[in-house]
Amino acid sequence: MDQSELTTENVLKRDIPWETYMSTKLITGTCLQLLRRYDKKPESYRATLLDDDGPAYIRVFVNILRDILKEETVEYVLALIDEMLAANPKRARLFHDKSLASEDTYEPFLS
């Protein structure tokens, strides 16, 4: 994909092989379940998921960014985060949730 086509909308049209990542143990079964529940769903449905269990989704996104190096997948997860924050900037607080205190939620963004 040409860099000029690298928009959130275009990136989110991709189909990411989440099941393959689970079978190769790059993501857990729980992670796969959360991704299936969230991915390709309407914003209103995702908003409910984030309201109910936002830190769990942040943990999934951060773990993927830390553990998976495939450029298309990294861009996809960054686009999910971008879309999530664009819809409601106050969701940035989810990265500071006390349930994530043992994780460095910024490390994947800095490497």
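In the predicted model described here, D67 is partly exposed, with a relative accessible area of 35%, where partly exposed denotes the range between buried (under 20% relative accessible area) and exposed (over 50%), computed with a 1.4 Å probe on protein chains only. Because the model is predicted, local features were required to have a pLDDT of at least 70 and side-chain atom pairs were counted only at pLDDT 80 or more, whereas totals for chains, interfaces and linings use all residues. Residues are numbered from 1 along each chain as its sequence is written, and side-chain values rest on heavy atoms, with hydrogens and water left out.

The side chain of D67 forms a salt bridge with that of R66 at 3.6 Å, N to O, a salt bridge being a side-chain nitrogen of Lys or Arg within 4 Å of a carboxyl oxygen of Asp or Glu. R66 is likewise partly exposed, its relative accessible area being 35%. Salt bridges with shared partners join E43, R46, E83 and R91 into one network, and the count by this rule comes to 7 salt bridges.

R46 counts as buried at 8% relative accessibility, while E83, at 26%, counts as partly exposed. A further salt bridge brings together the side chains of E103 and R59 (2.9 Å, N to O). E103 lies in the loop between α5 and α6 (107-110) and R59 in helix α4, so that this pair ties together parts 44 residues apart in sequence. Both partners count as partly exposed, E103 at 21% relative accessibility and R59 at 28%.

R59 and D67 also contribute to the lining of the largest pocket, which includes L26, I27, T28, T30 and C31 as well. A pocket is here an open set of points on a 1 Å grid over the protein atoms alone, where a 1.4 Å probe fits, with protein on both sides within 12 Å along at least five of seven lines, and lining residues have an atom within 4 Å of a point. The space in this pocket amounts to about 180 Å³, the volume being that filled by probe spheres set on the grid points, which are joined across faces, edges and corners. Helices α3 (29-38) and α4 (43-67) each supply at least two residues of the lining, and the largest share, 6 residues, comes from α4.

The buried residues of α3 are C31, L32, L34, L35 and Y38. These residues cover an arc of only 165° around the axis, which puts them on the same side of α3; the arc is that of the directions from the helix axis to the C-beta atoms. Their covering includes α2 (18-23), α4 and α5. After α3 comes K40, whose phi is positive, near 65°.

M22 is found in helix α2 and, at 32% relative accessibility, counts as partly exposed. With residues up to four places away in sequence not counted, M22 touches I27, T28, G29 and L32, contact meaning heavy atoms within 4.5 Å. M22 and L32 are 10 residues apart in sequence and 6.8 Å apart in space, C-alpha to C-alpha.

Key
Helix = DSSP H or I, 4+ residues; strand = E, 2+ residues; numbered from the N terminus.
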